Amino acid sequence: MSEITTDSSANPLLSLFLENFEAAGGVILYPQKGESIQKALTHMVKAEGVRYFAISSDVPNFNMVSRLLEGLGLERPQRYQALDLGITRAHGAGASTGTLVFVFSEGRDHLLTSLPRVHLAVLRREDLHENVSHATISFLKDPEGPPPYVSLVTGPSRTGDIELTHVTGVHGPEKLYLVVVS
Amino acid sequence: MRGVLRELKEYPTRWRQLQEVVKNPIMREALERAMTRFAQGRAQALGSLGDFQEWVEWCREMKDRALERSSELWDRVRESVESRGGTFYLASDAQAAREYIGKLAQEAGATLMVKGKSITSEEMELNPYLASLGLEVVETDLGERIIQLAGEKPSHIIVPAIHKTKEEVARVFSRAWGREVPDDPYLITKEVRKDLRQKFLNAHVGMTGINVVSADVPAFFLMTNEGNGRLCATIPNVQVILTGWEKIVETVEDAFAIFDILPVNSVGLKYSSYLSIFTGPFSWKKGRQLHVVVLDNGRREALKDPYFKEALRCIRCGACMNVCPVYKTVGGHTFAHIYMGGIGAAWTAITNGPEEAREVASLCTGCGTCLEVCPMGIPIPSLVEHVKELVKEKGQAERMAVRLVAKRKLLESATGLASMVAPEKITKLPGPAGIITQERILERPQLPPFHPWALSRGLEIGKGGEVTLYAGCMVEYFYPNISRDAVELLTRLGIPLQIMKEECCGLPARVVGDMGLWEELEAKNKGYMPPDKPLLFLCATCMSGIHDYGEKGGELPPLYDLSQYLLEKLGREPFPGSYQARVAYHFPCHLERHLGIKEEPLELLSRVRGVELVEGEEAHLCCGGAGLYAFKYPPVAAEILKKKLDWLENENVDLLVTSCPSCIMQIRGGVQKRKLPVKVIHMATFLLEACVEIHSRFAQS
Ligand code: SF4
Ligand code: SF4
């Protein structure tokens, strides 16, 4: 896994994306100054008190992440309901709003983004676009036909329905973490 | 006549109900807080979108194009859904849609349905119907769930349970679950998450509404922040998409554009947390089905109506309600039948017929505040007028009142009589009408009316002036001093004036839906207007009414508000006069929002030496007067006025200047009742008082 720089002059699009991702309430695990992915992940699962996790097989560096988490004593649950942490690949992203794009055709990966309390998305830098519409439309206009379900996610699940008090984690994840790889 | 009497008898009851609503402190405070937060959020976030008016133009055209082709676009969507293995049903009305969905659920052997927020389903009264089939229907949006368990109606389109305090919400859940729930929004939310999680996992059917449907790539777009919508759509085996016919757009690009503007315009959020896009059955487990139900229920008929067609562009962002003075005052329980707010009157008329929408329509003051924030360029006040026009059996009393007022001879006798027998200030009307004077006083009309006076002063009808003065009924019979001041002022400024034979401008008739009378008065006035001279107004409402004569084509003389005319005359010069005072200006709704005159009055005031101009957003708030409105709904009108009065009081304003006699009547009435040391006067009066020393120097120019 190669190093990523967030130096804005070197990568204005990525900087814009990370800024908007955070503004929407997401948390960037990597790249963060001076921390390796391994270290950042370790801190996160400890801070969040994660016991059960699941990871989608199309996550870049699937093996490394799985081994790391298992090494930390995390387990795969019997039932999806018990999941604390779901890790999936984001298939695209839009910098201007800090939005992640998840594309689903079959399988249970979508549950990893919607059921657990904590969701960690892994994005490849090449999949970053300026606008989320660009990032999405190419999937919708796939000559093979559009995927049945595309999920765009901007920050954690939230509400202000009771006295306008901002609360995250209503029905979806309370925390949305991000790792960007290249 | 019987209808009129019956309606008059109903007024006191209606007044009492409204009084209760406006005096409910919890509701008022909660609404105020939510709407202020959303409106401010919107104002802050809007910058990121660039020019709003450009957006409006673009959105309007985009959506009109799609609606024009909607049949063909839906055919395409139907074909795609079916070819991908889903079903597609176009329901002609609410009953057909209810029964279809009920049958779907029964065939799936369902006992539990989870549901995302869907106004369309409320329009269809779906929940009670499904319950009658023995199906448990669970709303999953937090606010909707609170309302559902409390057995109430939403009070706000975005935050449906905003009228409930956290203590009340905790009680609702304590009762539902049979155990103590803490009154902490965070803890309540987590408990609800747990409770509803089971429902999501156990439900057979999941149903959601839809925000937008694209046709080039047939796809259904669903926006939520809580993430309940996507769980409803993806977890249960049977997915039902319920959408109105109007939700269609041509391309996915168009759909994305709507989501650029929707959350920003709605609550000031850059992007919503979740935007879920469905193109066909999502078969991640065996046996999953997708059913699309498209509801017509009057929408396709509305496409043929030149007014209601415009309402079909609505994307339900709620911005119009967040700024609406009436909505802020009475909330979505009162200012709604099925759909909320002024736009709701049009929508209720489309789906359930204009009769059901009539009462809500009559609550709208026509202030036009909503026009400034609607991204789809929907002319809400005109749609409201259209609703009233369609329902002849209701609003008979107000139509009769307008018919009487529009008869000049009659008005002349009535005001003449009143000016002789009534006290100078009426502080308390007898009986139930006492509510009218509860928070304002009434002034008796002044004598003599303007025209006889003007003729006696040597002014001529249709000749002798460089500009024609149109006084209007209120000025003519209630406040003729305003027109006398105007004549005096213009004479001093050396501007020769002429007058015209006048009828009521007709706007009051149009507002109560009496289009026959409106057209009659329009034709008469058009005939009286000297075509070659500019027409000068002392009443913003009359000016706005006459401005609209132009909609039917035909030439009108150029129309001027007093401030516009004088500024043009002044060029870059200061106004020749001075006034030492803290002066505020009240923008009449018709002047600012219907005619778009936003700068001239302040500019003119600032040219008067000594004036310390007090500015603030309150200057632009509707005063609640709105002609007869303040007499029809006194508690609402008084409550709307409050903010303006508070402002005048807090800012220590000495003088409030404005350009509409109806606003003067309303604001002065409130000021005097509150005993504020504020003088409320017309621009003409103010300028005349400021003219200490005038030369007729414009005469030569
Ligand atoms: S015109 Fe005024 S009162 Fe009527 S809906 Fe619009 S903002 Fe509300
Ligand atoms: S009428 Fe306009 S402002 Fe009001 S909800 Fe519809 S789109 Fe939004």
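Here are some questions and answers on a predicted model of chains A and B.

User: How many residues of chain B are in contact with chain A?
Analyst: Contact here means heavy atoms within 4.5 Å. On the chain A side, 51 residues take part. On the chain B side, the number is 60.

User: What area do chain B and chain A bury between them?
Analyst: The size of an interface is often given as the accessible area lost when the parts come together. For this pair, 59% of that area is on carbon and sulfur atoms. The total comes to about 4600 Å².

User: Which element supplies the largest share of the side of chain B that touches chain A?
Analyst: Across this interface there are 34 residue pairs in polar contact, both at pLDDT 80 or more. On chain B, the elements that each supply at least two residues to the touching side are α2, α8, α9, α10, α11, α12 and β9. The largest share is 11 residues, and it comes from α10(B).

User: Which residue of chain A meets K190(B) in a salt bridge?
Analyst: The rule finds four salt bridges across the interface of chain B and chain A. A pair counts when a Lys or Arg side-chain nitrogen is within 4 Å of a carboxyl oxygen of Asp or Glu. For K190(B) the N to O distance is 2.6 Å, and the partner is E174(A).

User: Which residue of chain B stands opposite S151(A)?
Analyst: Strand β8 of chain A, residues 149-153, pairs with β9(B). The pairing is antiparallel and runs over five bridges. Within β9(B), the residue opposite S151(A) is S276(B).

User: How far apart are the C-alpha centres of domain 1 and domain 2 of chain B?
Analyst: Chain B is divided into three domains, with domain 1 at 46-300 and domain 3 at 568-699. Domain 2 is made of the segments 408-431, 441-536 and 546-558. The C-alpha centres of domains 1 and 2 of chain B lie 52 Å apart.

User: What is omega for the cis peptide bond between L447(B) and P448(B)?
Analyst: P448(B) sits in the loop between β12 and α22 of chain B. Chain A has a cis bond too, joining Y30(A) and P31(A) with omega about 5 degrees. From L447(B) to P448(B), omega is near -15 degrees.

User: What is the phi of A626(B)?
Analyst: A626(B) is in the loop between β18 and α31 of chain B. A626(B) is not a glycine, yet its phi is positive, at about 45 degrees.

Conventions:
Residues numbered from 1 in each chain as written. Chains lettered and ligands numbered in written order. Predicted model: local features only at pLDDT ≥ 70, side-chain atom pairs only at ≥ 80, totals over all residues. Heavy atoms only, no water. Buried area = accessible area lost by both parts, 1.4 Å probe. Polar contact = N/O pair within 3.5 Å; in protein donor to acceptor, adjacent residues only side chain to side chain. Helix = DSSP H or I, 4+ residues; strand = E, 2+ residues; numbered from the N terminus. Pairing = 2+ DSSP bridges. Domains from an automatic or database assignment.
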